[in-house]
Amino acid sequence: MILIAAPLNFEEGQSTYMPPRFNGQYYGWWKIRMHDFIMAGDSELWDVICHGPFVPTKTSGVPAITISKIRKEFNDADRKAIEKIFRAKKILLYGIGPYEYNRILACQSAKEIWEALQITHEGTTQVTQSKIDMLTTEYELFRIKDDESIQDMHTRFTSIIYELHSLGEIIPRNKLVRKILSVLPGSWESKVNAITEAKDLQKLTIDELIGNLKTYEMKKKKDNERRES
């Protein structure tokens, strides 16, 4: 699991029962949290957002054609489906602050609201793919800087992974672990070998790895201080 500190000035809902609030900044952060909030409450609402509102229909005439039902023809299943449409829209509206509200005034459905925000803050599919390509290159070329601490390296690394995740590109945990081990300096070779031999890299978490590396970093620092004194 990758832990990310909350962005500064990010406006949360007032309780765990309120959706995360978006006021124009950190869209990727809000997008992931809103998805998880909706899925935790009712996964069918996410289907409404992704695939559009359900329209109750019936067949009529000869040959039979499909037409929309009028309200008085709705059955219980239709009413429950319509209710989910409005619940999905309500959650998104509650999660949008006044600075973003004007962007979605003309939207009639939760799907339209979600897509309007996504295009505004992530761009079209082509723009999104360009961002993914750029971040993927940044990930592939990622290296630890001279005299950079493990914590600072982890913060930079996590930022890239988080941005990719928000754009739908999820890198498997075991690959992230191997990537971090591969960017450590040559002076850490003995530690890298020890971790590789002692740990199952398929099960090793990022938190466990970073904690292990920080411990080794502190030990190296103390050893250097003793030698210097």
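The structure is a predicted model, in which local features need pLDDT of at least 70 and side-chain atom pairs count only at pLDDT 80 or more, while totals for chains, interfaces and linings use all residues. Residues are numbered from 1 along each chain as its sequence is written, and side-chain values use heavy atoms, with hydrogens and water left out.

What does the side chain of Lys58 meet in a salt bridge? The partner is Glu73, at 2.5 Å from N to O; a salt bridge here requires a side-chain nitrogen of Lys or Arg within 4 Å of a carboxyl oxygen of Asp or Glu. Lys58 belongs to strand E1 and Glu73 to the loop between strand E2 (65-68) and H3, so the bridge ties together parts that are 15 residues apart in sequence. Helices (H or I, at least four residues) and strands (E, at least two) are DSSP runs numbered from the N terminus. Glu73 is likewise partly exposed, with a relative accessible area of 31%.

Strand E1 (residues 57-60) also holds Ser60, which counts as partly exposed because its relative accessibility is 33%. Leaving aside residues up to four places away in sequence, Ser60 touches Ile65 and Ile67, where contact means heavy atoms within 4.5 Å. Asp78 lies in helix H3 and is buried, with a relative accessible area of 6%.

I turn to the other salt bridges. The structure holds 13 salt bridges. One of them joins Glu122 to Lys31, with the closest N and O atoms 3.2 Å apart. This pair links distant parts of the chain, since Glu122 is in helix H5 and Lys31 in helix H1 (residues 27-41), 91 residues apart. Are these two partners buried or exposed? Glu122 is buried at a relative accessible area of 6%, and Lys31 is buried at 14%.

Another bridge pairs Asp42 with Arg87, the closest N and O atoms being 3.5 Å apart. Asp42 sits in the loop between H1 and helix H2 (43-51) and Arg87 in helix H3 (residues 76-94), so the pair ties together parts that are 45 residues apart in sequence. Asp42 is buried, with a relative accessible area of 13%, whereas Arg87 counts as partly exposed at 33% relative accessibility.

Next, helix H6. Its 16 residues (125-140) should span 22 Å at 1.5 Å a residue, and its end C-alpha atoms are 22 Å apart, which agrees; the expected span is 1.5 Å times one less than the number of residues. Which residues of H6 are buried? They are Thr128, Ile132, Leu135 and Tyr139. Seen down the axis of H6, these residues fall within an arc of 70°, so they line one face of the helix; the arc is taken from the directions from the helix axis to the C-beta atoms. Gln126 and Met134, on the other side of H6, are exposed. The cover over the buried residues includes helix H5 (110-122), helix H7 (150-166) and helix H8 (173-183).

Rings of Phe, Tyr and Trp (its six-membered ring) pair if their centres lie within 6.5 Å; planes under 30 degrees apart count as stacked, over 60 as edge-to-face and the rest as tilted. The count comes to 9 aromatic pairs. In one of them, the ring centres of Tyr139 and Phe157 are 6.0 Å apart and the planes stand at 40°, so the pair is tilted. Since Tyr139 lies in helix H6 and Phe157 in helix H7, the pair ties together parts that are 18 residues apart in sequence. Both residues are buried. Elsewhere, ring pairs link Phe22, Tyr27, Trp30, Trp46 and Trp114 into a cluster.

Tyr139 has a charged neighbour too: Lys179 lies over its face, at 5.3 Å from the ring centre. A charge sits over a ring if NZ of Lys or CZ of Arg is within 6 Å of the ring centre and within 35 degrees of the ring normal. The charged end of Lys90 likewise sits over the ring of Tyr94, 5.6 Å from its centre.

Technical notes:
Buried means under 20% relative accessible area, exposed over 50%, partly exposed in between (1.4 Å probe, protein chains only).
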